[in-house]
Amino acid sequence: MGITDMQEAFYYRECAAAHENSPLGLHYAMFLPTINKQATPEQKKKWLPLAENYKMIGTYAQTELGHGTFIRGLETTATYDPKTKEFILDSPTLTSKKYWPGCLGKTSNHCVVMAQLYTQGKSHGPHMFMVQIRSMEDHSVLPGIEVGVIGNKFGYGTNDNGFLSFDKLRIPRENMLMRYSQVGRIPRENMLMRYSQVSRIPRENMLMRYSQVHEDGTYVKPQNAKLAYGSMVLIRSSIVSDAARGLAQACVISIRYSAVRRQTEAYPGGEEPQILDYQTQQYRLFPLLASAYSLQLAGKYVFNTYLEVNDQIEKGNLESMPELHALSAGLKAFSTYEASAGIEVCRICCGGHGYSQASGLPKIYVDVVPGCTYEGENTVMMLQTARYLMKCYSRAKQGQKLPGFVQYIGQNLNKKSCMSEEVALGCLVMAYEHRAARLVEAAAMRMQSLIQGGKKQHEAWNGSSVQLFWAAKAHCHLFCVKNFVDAIQAKSLSSKTVTVMKSVCQLYGVHGILENLGEFMQDGFFSGEQVGYLQRKMLALFENIRPNAVALVDAFDYPDMVLGSCLGRYDGQVYQALYDYAKSAPMNQTEIHSTYYKHLKPLINPETTSDAMQFAKL
Ligand SMILES: CC/C=C\C/C=C\C/C=C\C/C=C\C/C=C\CCCC(=O)SCCNC(=O)CCNC(=O)[C@H](O)C(C)(C)COP(=O)(O)OP(=O)(O)OC[C@H]1O[C@@H](n2cnc3c(N)ncnc32)[C@H](O)[C@@H]1OP(=O)(O)O
Ligand SMILES: Cc1cc2nc3c(=O)[nH]c(=O)nc-3n(C[C@H](O)[C@H](O)[C@H](O)COP(=O)(O)OP(=O)(O)OC[C@H]3O[C@@H](n4cnc5c(N)ncnc54)[C@H](O)[C@@H]3O)c2cc1C
């Protein structure tokens, strides 16, 4: 393609083969970024040109049969042999076989492998290693390696997710990705090169980060063990926009179709209205349209935050790592939950045609929904965010100032909503802040009471994890609402655009409250009268958005080729497209299907069935 910018290349591929999940997807999304972020300058100089020119095609092999979430529980081992200055990779158990990595079964000839590092008889936890698995001559599997595909999945049919195991495979010491931690002496030129790369960090950081080691395999600790998790943070930060894209495309298809589809006479003898005029259709689709806009803004924010924080990390300043981890983990979970559920509602809103592959919706769904699992199972990710929120809560209670977006934590909860008939954006934000602050405090109180009752820390954690999940979800929801409101209020949009987008933003906030009313009303923050304001405002917003609904989805500007949908075509020629799709079905290429002769004819006309068929019946 010749496109150098990673994101532009991603969008090009999305246009060229939307939701096809390329067999090179992991090469681009994780193999290249891992070399970029986890390899030393020396290693990058050696591997990047090869990988960027497809002379190395790779994937990210971390998950095993027995472990995906708990990285520290991975069983693949990499044991350093100081005599030969090699690592010995081994899959000691059945459950240690790598299982799930995309593009692994048949496509990749290399992979970055996450394995437990052992040196001088001691384990140092999970580290990344570059491993060649197939010959560059004939793609045959190399000795000491077993690799293959894992078989049919729920979707992702074009991706050869695979399994991989090692039988005491030896790789050179230089194949451990050593940007942040090392085994064996660091060549002087690396030190200088790294110094020039991080020349702005104080000398003591250099020593702490790059202290000398002996060739006997003494291990150099990284500044933070979680630096090795960096590639996952990158993808989590990218998945938010990916989920938003899927939901937006589903909204385009279902709302355009709802403007074309007419069904049921509105009154006896009357004409059949567009189904988009049914209030129940608006109730299901318009909040999803609002959510698509909200998640797109959230995706931009979190990816830009990733770029900023990663820039700091590469200069040795790890201060914002915890906040980035909490934000990316929580928003990855929140966005994929919201988008997956929303795409399914869009499909159902299209009736029978929504169930056809011709709608394009099943393909979008099976492309987005695994995002609830991969790159960190959503519940686990939400609990990681909750872990950060608990720390923020205790700091707030000690009177410490909290960073940026978590300043709402620890606020005075003894207040009521300012909500009026107008439903001001500021009152919406206040409601979400109050709900999140209250749920964070409730989870913290729950943990405290369990510990005071004699439970150990891990027992109190598990005994509070439902409330911790609620708190994290409320935190992410607040982020999306506030980020949307800030964008509306900051944007220098034309007055007409602001009016329309303000209604969309208001609907996102109002609908979110009404769909989670218990959490907003549990402490009497809202009165019954104020809930009435919200219900009436929601119905009024449906009417307000209806005239611009098609324009709002057109604004996403997805070409028909990307949508791949007979229902969501820009020209609205749905029925002709469906009929053409049916006619082109492979089974329609012959008038009588070959199975008639073998299975139906003997039933229908046994007397005329040929002797062979009679014989077959015996
Ligand atoms: C430029 C972009 C170009 C292209 C990309 C474009 C689009 C991408 C869009 C879509 C995706 C497309 C293709 C990809 C398709 C599929 C990819 C799927 C690949 C995979 O699935 S790879 C495998 C993913 N696996 C996981 O994510 C495993 C999840 N588990 C974990 O992360 C960890 O086990 C854990 C965090 C759950 C627990 O880790 P731990 O046990 O080591 O830590 P603790 O719980 O004890 O916490 C200790 C401490 O550490 C902090 N912490 C944890 N993780 C991080 C982190 N990543 N960064 C910073 N800090 C971290 C934690 O907060 C704790 O801190 P505390 O202070 O002690 O509280
Ligand atoms: C389409 C697809 C592509 C993938 N691509 C790759 C890839 O390229 N490379 C790769 O390495 N991996 C890949 N994976 C694997 C993926 O990263 C893992 O499946 C994911 O990390 C979840 O881990 P798991 O499967 O072990 O689930 P588990 O962790 O076993 O989750 C099962 C259940 O246990 C719960 N649970 C687990 N731990 C906890 C906890 N501490 N607290 C509360 N509940 C918990 C979870 O919430 C979940 O409900 C892919 C997976 C899929 C589906």
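The entries below take up the ligand and then the strands.

I noted that this is a predicted model, in which local features need pLDDT of at least 70 and side-chain atom pairs count only at pLDDT 80 or more, while totals for chains, interfaces and linings use all residues. Residues are numbered from 1 along each chain as its sequence is written, and chains are lettered from A and ligands numbered from 1 in the order in which they are written.

**Ligand 1.** I looked up the 32 residues around ligand 1 and found that Y229, S238, H325, Y374 and G376 come nearest (a residue is near if its C-beta atom, placed from the backbone, lies within 6 Å of the molecule). Among the elements that give two or more residues to this shell are α1 (6–16) and α8 (321–348), but the largest share, 6 residues, comes from α6; helices here are DSSP runs of H or I with at least four residues, and strands are runs of E with at least two, numbered from the N terminus. I also noted that domain 1 (25–220) and domain 2 (230–265 + 272–401 + 419–551) each give at least three residues to the shell, with bounds from an automatic or database domain assignment.

**Strands.** I then traced an open sheet of 3 strands in the order β4-β8-β7, with antiparallel pairing (two strands pair if DSSP finds at least two bridges between them). Because β4 (98–99) and β7 (145–149) each have a single partner strand, they stand at the edges, with one side of each left without a neighbour in the sheet. I found 5 bridges between β7 and β8 (residues 162–166), where I145 has F166 as its bridge partner.
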